[in-house]
Amino acid sequence: IKDNIPEVAKALASLPKKNTKRPRVVIFTQGTEPTIVAVKEDGKNVEVKEYPVSAIEAKDITDTNGAGDAFAGGFCAGVVEGKSLEDCIARGHWLARLGLKELGPSYPYPKQTYSA
């Protein structure tokens, strides 16, 4: 199981949960590899999905520092706005991609706004 990320996500999503009002969601980002998401709703089997990461040319990558944090920020912004899980992941990928083009954990100027 240790080398099978989808199975690790599935195992973590299956752990006991006190708050049964919301599903447990496990997310693994893996750089250029697909983002793995496991969702366990009470009384149902774990659903595991892979979300591909859009390719970015090596010449466009300035710095990878902060890419994971950028993903988390974009994802959480979607959660706060009440967006679907799929849209939250897309927002995370979008913001991480922007961050890769900048030096250090910073974002481009002028400010950009996500649009699907």
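Helices (H or I, at least four residues) and strands (E, at least two) are DSSP runs, numbered from the N terminus.
This is a predicted model: local features need pLDDT of at least 70, side-chain atom pairs count only at pLDDT 80 or more, and totals for chains, interfaces and linings use all residues. Residues are numbered from 1 along each chain as its sequence is written, and side-chain values use heavy atoms, without hydrogens or water.

Q: What span does helix α3 reach from its first C-alpha to its last?
A: Helix α3 covers residues 85-100, which is 16 residues. At 1.5 Å a residue (times one less than the number of residues), 22 Å is expected. The model comes close to that, with a span of 23 Å.

Q: Which elements do the buried residues of α3 pack against?
A: Buried means under 20% relative accessible area, exposed over 50%, partly exposed in between (1.4 Å probe, protein chains only). In α3 the buried set includes C88, I89, H93 and A96. Counting contacts (heavy atoms within 4.5 Å), the buried residues of α3 pack against β2 (33-40), β3 (47-51) and α2 (67-80).

Q: Which element gives the largest share of the lining of the largest pocket?
A: The largest pocket has a volume of about 460 Å³. Of its 22 lining residues, G31, V53, H93, A96 and R97 are the closest to its centre. The largest share, eight residues, comes from α3.

Q: Which element gives the largest share of the lining of the second largest pocket?
A: The volume of the second largest pocket is about 150 Å³. Its lining consists of V37, V39, E41, K44, N45, E47, K49, Y51, L85 and E86. Two or more of the lining residues come from each of β2, β3 and α3. The largest share, three residues, belongs to β3.

Q: How many disulfides does the structure hold?
A: A disulfide is a pair of cysteine sulfur atoms within 2.5 Å. The sulfur of C76 has its closest cysteine sulfur in C88, 8.4 Å away, so the two are too far apart for a bond. C88 is in no disulfide either. The count is zero.

Note on methods: 1 Å grid on protein atoms, 1.4 Å probe; cavity = no way out; pocket = protein on both sides within 12 Å on 5 of 7 lines; lining within 4 Å. Points joined across faces, edges and corners; volume = space filled by probe spheres on them.
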